[in-house]
Structure formats: structure tokens, C-alpha cells
Amino acid sequence: MIQYSGSAMEGHHVKLLLAFLSLGSVVVFSATDPNDLDILNQFRKGLENPELLEWPENGDDPCGNPRWNHVFCSGNRVNQIQVQNLGLKGPLPQNFNKLSMLTNLGLQRNQFSGPLPSFSGLSSLRWAYLDFNNFSSIPADFFVGLDALEVLALDGNNLNFTTGWMFPHELANSAQILNITCVRCNLVGPLPDFLGSLSSLSVLLLSGNSLSGEIPASFNGTVLKMLWLNDQIGGGMTGPIDVLTTMESLTELWLHGNQFTGTIPDSIGKLTSLKNLNLNTNKLVGLIPDSLANMELDNLDLSNNHLMGPIPKFKATNVTYNSNSFCQSTPGLLCSPEVMALIDFLGGLDYPSRLVSQWSGNDFCQGPWFGLSCIDGKVSIINLPKLNLNGTLSPSVAKLDSLRQIRLQDNDLGGPVPENWTSLRSLTLLDLSGNNIAPPLPSFASSVKVVTEGNALLSGNSSATTPSTGNRPSSGGSGSPPTGSHSSTNGTSVQPNNQAKGSKRSSLVPIVAPVASVAVAAALLIIPLSIYCCKKSRNTLQAPSSLVIHPRDPSDSDNMVKIAVANNTNGSNSTVTGSRSGSIISSGMGESHVIEAGNLVISVQVLQNATKNFASENELGRGGFGVVYKGELDDGTKLAVKRMEAGVISNKALDEFQAEIAVLSKVRHRHLVSLLGYSIEGNERILVYEYMPQGALSKHLFHWKTFKLEPLSWKRRLNIALDVARGMEYLHSLAHQSFIHRDLKSSNILLGDDFRAKVSDFGLVKLAPDGEKSVVTRLAGTFGYLAPEYAVTGKITTKADVFSFGVVLMELLTGMMALDEDRPEETQYLAAWFWHIKSDEKKLMAAIDPSLDIKEETFGSIYTIAELAGHCTGREPSQRPDMGHAVNVLAPLVEKWKPLDDDTEEYSGIDYSLPLTQMVKGWQEAEGKDSSYMDLQDSKGSIPARPTGFADSFTSADGR
Ligand SMILES: *[C@@H]1O[C@H](CO)[C@@H](O)[C@H](O)[C@H]1NC(C)=O
Ligand SMILES: *[C@@H]1O[C@H](CO)[C@@H](O)[C@H](O)[C@H]1NC(C)=O
Ligand SMILES: *[C@@H]1O[C@H](CO)[C@@H](O)[C@H](O)[C@H]1NC(C)=O
Ligand SMILES: *[C@@H]1O[C@H](CO)[C@@H](O)[C@H](O)[C@H]1NC(C)=O
């Protein structure tokens, strides 16, 4: 429906209106304003396909009778152009703003390209629909004088691609604006304050940009109805969400895929119009307020935060809340009083991120409750030194009357020690040294050793209520070190307090020591790994709960199905706890492959031995799901052992498991890392993989200096690219069904001793739908590698993996990380920058990894890879090739180097170095199968996504 209205002309427009009417009465018989005609003609001339407009050749009166299609006039002035969805291609004339009477412009859903002209001075323009085109930039003066603007739609235009852009302040003068939509239009930086001061703004949709920073305070009390700030690229928005609870008109609030922090305020209940609230994938902490549970929402998504405590019974129709740190998995079940006291304690400390992800479930004596130790199922020690904890001490701790030691030294804690802590009957040690505790210090019984050195506000007070015997749990025996120098190696040197209750005391020692030493080891580890882990944790979105289905190497003699449950959801121990490995899987699973998987069970004991009890020196890396250790069995077999964090399996995970198991179990390939076994015992969830001695590709590309490695040669890089392409091709099209990896990146590509590569980490693998259809998923993956359409819409096809593969190729070429916030702004996103330079020979050559010794004979392959990288990262999924194409491009390049690297790659009769079609043929010959795949060779090099029966042939070839 065409929108037309003259009612905007009020106030100072009245004069104009009068002039206009008098002119109009004259003009009824005269032709269209020549200036307007001129611009329409320029508009037509600039288009590649002007015929779609069906404007009369040599016509000179668009407002005449008959009027030109898609053009509307008021008198002899053009006031509307409505060409939406016509497939028009080409630029707009740069003097477009001379159509000065324009009120309504509908250009949406075409392929307009080139720079947007300035709209400066279009003071009658009320509706500007420019969305879903290919405009490349927006001029800085675009918004000057758009006094009547009500709707601005710019969605889906990749504006100012290399630098990004932000609404300039002039937009603040469009005081009547109702709708601003700019989803995926390349906005960068913090939201400007003036957006919150636009008094009529009711719809603000800014998903899928690169917004950062906090929600401005100016949003307090706005009348916004819809606010989408979800899925920001590059980390996302930060800070608390409190101000949103003042926006009482909100009906839809999407904040997912950011880094919002703090608690969900109780005042959220004031949003009585709210129907849809999505807070998925943020860093929200604390308890779910009752006010939220009582809101009658249509949709509520709280997944992937660090929410704690019980899950309330929600009134919302559709609620999702997996992957939090709840104590129970069943709504309505309360936490134990101890857990509630511990959560209060964390609340006092502002919910330190380190702890909120770990203190989950209802059993603090099991699993990864970092910093707590138990005796007989009761908390005995809180041991959290040197963690930069701030905030105050909660009186709730007094409820934990089994506590013997509280060690909080060398943090930044303020406020007084709660008086009621003196009622802790078993307490013997309270170490608060090196903090900023305020007086008064309550008086503890003489059996309690209270250490308060290094608290400026307490100085002058006696620093300990018990005589110092020199056995304060500090290292080196150096009396009383000054603030901060207190060594946390104390964990390993705790002495029994020789003045206290002997028998029970000594039983403490063996318990304290390991716990504390793990804490120390973990603290130390953080330092060397920080570059790696922190970046990763900042940039990685985690799947809420996943099946990890591991492909197997066909060379493996064991032909059982290799499957395991990986899980980082929390809460649920209802269905599963207590089950033994194997039987967990078979419960509710019926017959299928699951029973077979039983023989992959490895006891935790064996893995403890293999990893020296998960010793820190065996740590290979950390990922979203836990820590990976190197292990070695008695017979010398090396393993990579991934130990999940906080693993208790939810019903949902089991459901997904059941649904997908049958197909996923078919995935196995030489270039996909294989699973050797798993453990499920108590709270342990462990996966065991083949060990890849050279580690991640990322290490060799970006950190080779740090690890004193040789930089990878070009030849090796080509081989790696081909290996990865083959693994991915298999995943996409050759397995029984098509799978999407969703997190392909150089840190998930592992290298063997021969520097041949395998793709790992299938934690996010999704089953692709048939054909070209996309599937909507929760966003997962890693920024820098995420395909734009996936980042924005969550819709995924195999082409999202192709995009990530393209980014990996760019990394191989340049030695630069996909995303590095330490680089200058224009190069932070490798993919964006690479696109910019790739077709300029000089710039491309300057961008090649300086550690590569480039010879003339490699130039050719460098260009080919650069081109392939560009092709794979095309903006539209349809512009990207499939992995088969990548294999076809890469194989001949590798072939060239073949004489240097002549391993025959024979695996169970399958030569993986052959092009796919020949491989298929090989299997047929080997198996004496019929020729139903012969056609593949003639199908223009493209492999149908799911050739019927293909998997059977593969399975039997593999199963031998
Ligand atoms: C977008 O980029 C163009 C140059 O490409 C620049 O002139 C313009 O100021 C930029 N727009 C904004 C809003 O920053
Ligand atoms: C404003 O945005 C909302 C939400 O997208 C939409 O329903 C409404 O039609 C828009 N209004 C106009 C005038 O385009
Ligand atoms: C919003 O503004 C009101 C009134 O100025 C103020 O009392 C309130 O604290 C503000 N709320 C937030 C969350 O900033
Ligand atoms: C329920 O919420 C989930 C998660 O936000 C969403 O994916 C799903 O489509 C919703 N279901 C319905 C029926 O709205």
C-alpha cells in the first residue's frame, strides 16, 4: 500500500502549502517540474535494467496523464517513488535530494548499489525505505535537514564496509521519527546518546552490527516499543540492563548475543506490555527475580548466561533457560540452604565471573566448585585468595556453620566483617589480609585465627585475635609480609594449626592441599595462556548444550560407532545422575547404535592415571567446554583428554542426542579428528581423542615465535588447506547426511607430526536440512569467522562453513588472526580488510605473511588462494562455492608439490588423495558394488548433497 499524506505540512510548512496550492492550480495543465523530470531521467539512465520500470521512452511528463509507473505526484512535483522489489540494479543519481518535494521513497529490496546520495534538505521526506539493497556508503551529511522523517530503513546494506559508521548527530533533528531500522548495516561503536532523546521513537532495530559500549542513560523512560540490539559482532554491547526496565512501552526486547552484565533487575516486572524478551548469550548473573517469572510473556529466552539459584515456575508461554548455573534443573525446586548462602556470598562479591560459571548445581561437594572444599558433604573451606574479588562480605556465610576456614586474602574486599560470622562454630581461620576491610572487626572466639594485615582501615587494630605463632599459612616463613606480597603458594604448605583441636585438624591437611594447589596451578596457568584463552572466551559464543559426535578415522581398527555426550548445561541430574556409562546412553535410546558405543567407555581412573590426575603440566588448552589434557596410556598410546566443566546432562541434551545420534554416528574421515572413547562417571564428562602432536594450526600461524616453532612453509599451508577442505567436503556432502560444523577456525584445525591437518571440535555440529534450505539455530561459533547472514539471522547452511574456511585461507596467506582488536581499526576484521586489498596486486603481496619465503613459482598459487578466499567469503551464501569446488582448486596446487611429499595416503583401500569421484569409483571397484554412483563423475564436478545409498557404500567400505 502506498503511503501518502499531506498532513505533515503544518507549522512553517503552511506557507509552502499555500504556495504549492496556488502553483498547483496553474499546473494542472502543465508538465512535470523540469528539474524533477531531469532527476528521474538520470535515475533511469544510471540503471542497468531500466526497462523494468516500464517508463515511456522519451516521455517527458511523469506526473501527467497517464502517470509514469511507480511515480506519484502532487501537482507537478514528484512526491513518491515506489519501486520496491523490482530487481533494479545500479546507482542513484548523486543529486537525488533535488527531488525536494519527496515525501515517500520506497526503494527497498532491489540491488541498488554504489554510494547513497545525500538526502540533505529533503525536508518533506517522511518515509525512506532503502533497506535490502547493496548501497556501499552513506555520506556524512545524509541526515541534514530531514525534518519530517518518520521512518528510516537501511537494513541489509553493507554501508562503509571497511570502517563502519554511526548515525550522525543531525538525525537528532528528525524529531518525529518513529522507526529506525538498520539491521546488519555495519554500524560500529557505542550508541549515541541522542537516540534515547528522540521522543517519538518507537522502533529501533539494530541487530547484527558491531555495536559496543553500554546502553546510554538517555534511554531512561523512552517510549520505545521494539528494541533489537542482538547479535553484535566483535564482542558486543556491555554493561548493565537496568535502564531498560524504565522503558514501559516495550513489547519486544532482544538483547541476545552481547556481553551485558549484572543482574536482571527486579524492576523488569514494570514492563507490563512486554511480550518477547530474549537475553540469550550474555553475561547476566544472579537469581531470576520473581517479577520476571510472573510476567506473562510469549517468549522468554535466558539461555547461556550465568544465572544462578533455583529455576522459578515461569508464567511465560515459551521459556528457554539452558546453559546457566542453576542449582536445579526442574522449575520450582529450591536450592539447598547452603547453596543459597553461597550464592548470597557471591552476590556480595558482585558475582565474579570466574566463579559464577563454576558454582552451579546443588552439590557443592561435587564438580567444579572452584575454591570450596568439603568434609562429609558440608562446606569446610572457602579458599579464594588473589582473585581480584571486590564487594563486601555477606552475612549469609554465617549459615554455613560447618566452615572451618575462610581464606580471602589478597583481594579487594571492602566493608566490615559481618558480626554474625562470629557464630561460625567450627571456624578456625579467617584470612582477610591484603584487602580493604572496614572496622569494626567483630570479636571472634580465641579458637579463631583472624588475619587482617594489610587492611589500611583496620591498621592500628590488633591484626590477629590469636597470638601469632608464625604458622600463618604463608610461604617462606617470612613473618608478616606487607600488603599484597602474601604468596598464594600457601596452598601447598598449609600446616596444621598446632594450637587447635588436633584430631580433626590433621584430617584437614590432605584435603586442603590438593584443592589449594589446584587453585594455585589454575591461577598460574592463566598467565601464560591469557593471550589465548581470554581472546577466545571473549570472542566465542558457546552452544548451550551439544552433542559432540566424533568422526572416526577409517584407519582405526575398531569399527564401533564413536559417540559421546558433551554437555555444558547445568542443573539436571534428575534423569542421569547415578547412571553408569553406557547405560546412560542406552536408557531411553532403544536399540540403535548406542549399545555398541559401550565398548568405548574408559574409566575415569584410567584417565586420571594417563594424565597424572589431570596435572596442569599436561594441559594442552582450554575451550568452551573444558580443559584438554595430554595423556599417555601404559602401552604408550598418546591421548588428548577433554574434561568437561560442570557436566550434568539435561533431558534436552539427551533428546537431541537421541534425535541426531543415528545420522551423526556416520561421520568419520581421515581429515576429521577421531574420538577414542569417553567417560561418564558421577559428574565427570570426559572425551578422549587421538592426540595430534603438533597442536593447533593457530599456534603455528600466530604464535610460532612464542613457542619457538618454525613458521609453516607455503607448501605445508597448501596441504593443510586441502586437508581441511577435504574434511569439510566430507562433512557437508559425503557423509550419510549433510552436516554443518559451525565453528571452523584455525584453533580447531589440528596438525599431526607430518603437518597434515584434521578438523576437530564437533561440539557445534548441526544436521543440515535438505537441499539449499537453511536451518535457524542459536548463534554459535567464533567472531571473525562467522558468515554475515548467520551472525545476523541465525540461519545457517553449509555455506557458513565455507565462509569460515575462506577466513582460514586468509589466515594462511597473511599470518594474521581472523579478528584482532589490537590491530588498527581497518584491519581488525581480517575478512573485511582482505576483501578490500585482495584485488590490488601490490597490496596483496604486501599482506602476505612475512615469515613466508615467497619465490616466483609460488606467486601463482598465492593468487589462486587469495581468489579462492575471496570467493568463499562472498557476502551472499549463494555467491560462495561449495567445498567440493575448494578441493578442486586446491588439489592441483598441492599436486605440484607432490614430489616433495610423497606419502600415498592409503587408508583401508581408500586413497584420500584422489579426487572424490575417483575415490568413489575406487570403493565401488573394491567392494564390487554396482555402478549407481558412476553418474557422479559426470555431474559437472558437483556432488549431490545426499546421494541415496552412498552412506551404505561408505559404511561397508569402511566397516570392512
Ligand atoms: C562513509 O564513508 C564515506 C567515504 O567512503 C565517508 O565520506 C562518509 O563520511 C562515511 N559516512 C559516515 C556516516 O561516516
Ligand atoms: C515500524 O516498524 C515496525 C516493526 O518493524 C513495523 O511493524 C511497522 O510497519 C513500521 N512502520 C512503518 C511505517 O514502516
Ligand atoms: C531513570 O530516571 C529516573 C528519574 O530521573 C531515576 O530515578 C532512575 O534512577 C533512572 N533509572 C535508571 C535505571 O537509570
Ligand atoms: C520458543 O523460544 C525459542 C528460543 O527463543 C525459539 O527458538 C522458539 O522458536 C520459540 N517457540 C515458539 C513456539 O515461539
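How many nonpolar, polar and charged residues does the shell around ligand 1 have, by class? Keep in mind that this is a predicted model. The count comes to 3 nonpolar, 1 polar and no charged residues.

Ligand 1 is surrounded by Ile138, Ala140, Asn160 and Trp165. On its own, ligand 1 has 360 Å² of accessible area, and the protein covers 50% of that. Two of its neighbours come with atom distances. Asn160 has a polar side-chain atom 2.3 Å from an oxygen atom of ligand 1. Ile138 takes part through its backbone instead: an N or O atom there lies 2.7 Å from a nitrogen atom of the ligand.

Now for ligand 2. Around it you'll find Tyr129, Val151, Asn179, Val203, Leu205 and Met226. Sorted by class, that shell has 5 nonpolar, 1 polar and no charged residues. Ligand 3 has its own surroundings, made up of Asn220, Val243 and Thr246.

Here is how the protein covers each ligand:

| Ligand 2 | 360 Å² | 52% |

Lys642 is one that the UniProt record, an unreviewed entry, annotates as "binding site". You can find Lys642 in strand S35, which runs over residues 638-644. Is Lys642 buried or exposed? Its relative accessible area is 8%, so Lys642 is buried, as that word applies under 20%.

Ser760 sits in a loop, between strand S41 (757-759) and strand S42 (766-767). Ser760 counts as buried too, because its relative accessibility is 10%. Leaving aside residues up to four places away in sequence, Ser760 touches Val673, His741, Asn748 and Leu750.

Finally, have a look at helix H14, residues 830-837. Why is H14 described as largely enclosed by the rest of the structure? Because 6 of its 8 residues are buried. Those buried residues are Leu830, Ala831, Ala832, Trp833, Phe834 and Ile837. And what do they pack against? Their partners are helix H13 (798-814), helix H15 (841-847) and helix H16 (856-872).

Notes: Residues numbered from 1 in each chain as written. Chains lettered and ligands numbered in written order. Predicted model: local features only at pLDDT ≥ 70, side-chain atom pairs only at ≥ 80, totals over all residues. Heavy atoms only, no water. Near = heavy atom within 4 Å. UniProt positions renumbered as here; feature names shortened; annotations may be inferred. Helix = DSSP H or I, 4+ residues; strand = E, 2+ residues; numbered from the N terminus. Buried < 20%, exposed > 50% of the residue type's maximum accessible area, 1.4 Å probe, protein only. Contact = heavy atoms within 4.5 Å. Areas by Shrake-Rupley, 256 points an atom, 1.4 Å probe, with all protein chains shown as cover. Nonpolar A, V, L, I, M, F, W, Y, C, P; charged D, E, K, R; others polar. Polar contact = N/O pair within 3.5 Å; in protein donor to acceptor, adjacent residues only side chain to side chain.
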